Amino acid sequence: MGEIRHILSASQFDRPFLDRMYRLTNKIRQFDKSKEGLIYLQSLLAHKRAMLYFTQPSTRTFLSFQSACHILGIKNSEIRDTATSSERKGESIEDSLRTFSSYVDLIIMRSPVGGLCDRVAGLLDKTDRPVPIINAGSGPDEHPTQALLDIYTLERSFKNLGGIEGKTICMVGDLKRGRTVRSLSRLLTLYPQARLLFASPQAFKIEDDLRQFLRSSRTEFMETENFKEAISQSDAVYMTRVQDEYDTVAGDSAKVDSSAFCLKAEHLKIMKPTSVIMHPLPRRNELDPAIDNDPRAKYWRQERNGMWTRVALMTKLLGMDEKILLPEL
Ligand code: CP
């Protein structure tokens with residue numbers, strides 16, 4: 001993989017990049033252990049400014065990127081509602097993004113519009129301020145930085161179990177509109193013999209483009225409605241919520257019976273003792289809070305890993321990764 005200008009899709013990452021991100025994130029966490037280390041991190045990008053343009057609801061992606069900016073000394077500005085920007089006065093989204101590029105060195109954006117990041121990146125690349133774009137979630141299509149933190153969490157969880165290679169990862173829930181599932185599935189094709197199970201009601205099965213991608217990359221996968229059988233075979237169970245914000249007719253999702261795809265405390269006994277339970281969060285009833293204290297539950301750790309992974313990603317994108325990897329602690 002050559003130089004990266006923007007982070008738009010999980011499909012732009014290759015395995016050497018993921019391995020480097022894993023090492024980089026681990027090294028950054030070591031800097032976090034001392035005041036001197038944290039001061040060093042804060043000095044790395046203190047000359048940079050970032051825009052957080054989040055026009056779709058977010059808690060953890062927004063806060064983890066904002067915290068990552070703070071860790072690296074990056075000053076940040078934000079728009080979280082177009083009602084407070086000149087889009088309200090009829091300014092196009094393209095003109096808005098080009099305006100941000102006048103003021104900052106990096107744009108981190110979440111939007112309900114699939115493909116918008118790619119369009120804006122292409123547009124900015126033709127200007128004299130081609131600032132990098134990070135896709136922090138684009139409609140139902142992609143969430144590449146979530147996939148990076150998910151891979152990091154899986155790598156750490158399987159560190160003493162031979163890595164992600166050869167593991168069975170089960171994704172559960174609304175797999176049709178779940179962008180985290182789409183991005184993570186693409187990255188898992190980079191791990192030899194990783195096997196994917198997709199457990200969902202018929203109405204929420206994966207889309208055909210993902211199915212074709214998995215076939216073309218020769219990744220073994222199976223789609224099933226047998227939730228219990230799937231979770232009992234798996235080394236990781238990745239739960240997701242119903243994405244009803246994308247219903248074309250309000251209330252359509254509620255007509256689908258998803259009750260058989262909820263992970264409850266009673267299921268823990270049929271899961272492998274070494275398996276891990278993940279969820280990109282936020283959750284609803286598909287993941288019982290009674291599971292939170294089980295040692296296999298990794299979703300709160302996953303959230304914090306997101307902050308460190310995003311620190312690592314920004315150092316890479318802004319050319320400071322060698323300054324993390326090289327110094328001895
Ligand atoms: N996982 C995730 O994208 O969460 P938020 O919507 O809270 O950012």
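Grid points are joined across faces, edges and corners, and a volume is the space filled by probe spheres set on the points.

The model is predicted, so I kept in mind that local features need pLDDT of at least 70 and side-chain atom pairs pLDDT 80 or more, while totals for chains, interfaces and linings use all residues. Residues are numbered from 1 along each chain as its sequence is written, and side-chain values use heavy atoms, with hydrogens and water left out.

**Pocket.** I found 21 lining residues, with Arg-110, Arg-179, Arg-241, Leu-281 and Pro-282 nearest the centre. The elements giving two or more residues to this lining are α3 (60-72) and α7 (179-188); helices (H or I, at least four residues) and strands (E, at least two) are DSSP runs numbered from the N terminus. Because domain 1 (10-142 + 306-322) and domain 2 (144-303) both give residues to the lining, the largest pocket lies between them; the domain bounds come from an automatic or database assignment.

**Cavity.** I counted 1 cavity of 30 Å³ or more, and about 60 Å³ of space lies in the largest cavity. Its lining consists of Leu-18, Met-21, Tyr-22, Thr-25, Leu-148, Ile-151, Tyr-152 and Thr-309. Helices α1 (15-31) and α6 each give two or more residues to this lining, and α1 gives the most, with 4 residues. Each of domain 1 and domain 2 supplies at least three residues to the cavity lining.

**Sheet.** I next traced an open sheet of 5 strands in the order β7-β6-β5-β8-β9, with parallel pairing, where two strands pair if DSSP finds at least two bridges between them. The edge strands, each pairing on one side only, are β7 (220-224) and β9 (276-278). Strand β6 (residues 195-199) pairs with β7 over 5 bridges in the parallel sense, and Phe-198 stands opposite Glu-223 in β7. Helix α6 (residues 144-157) packs on the sheet, touching β5 (168-172), β8 (236-239) and β9, and its direction makes about 165° with that of β9. Contact here means heavy atoms within 4.5 Å, and angles run from 0 to 180 degrees between N-to-C directions of axes fitted to C-alpha atoms, for helices over the stretch in contact. Helix α7 lies across β5, β6 and β8, running at about 165° to β5.

Technical notes:
1 Å grid on protein atoms, 1.4 Å probe; cavity = no way out; pocket = protein on both sides within 12 Å on 5 of 7 lines; lining within 4 Å.
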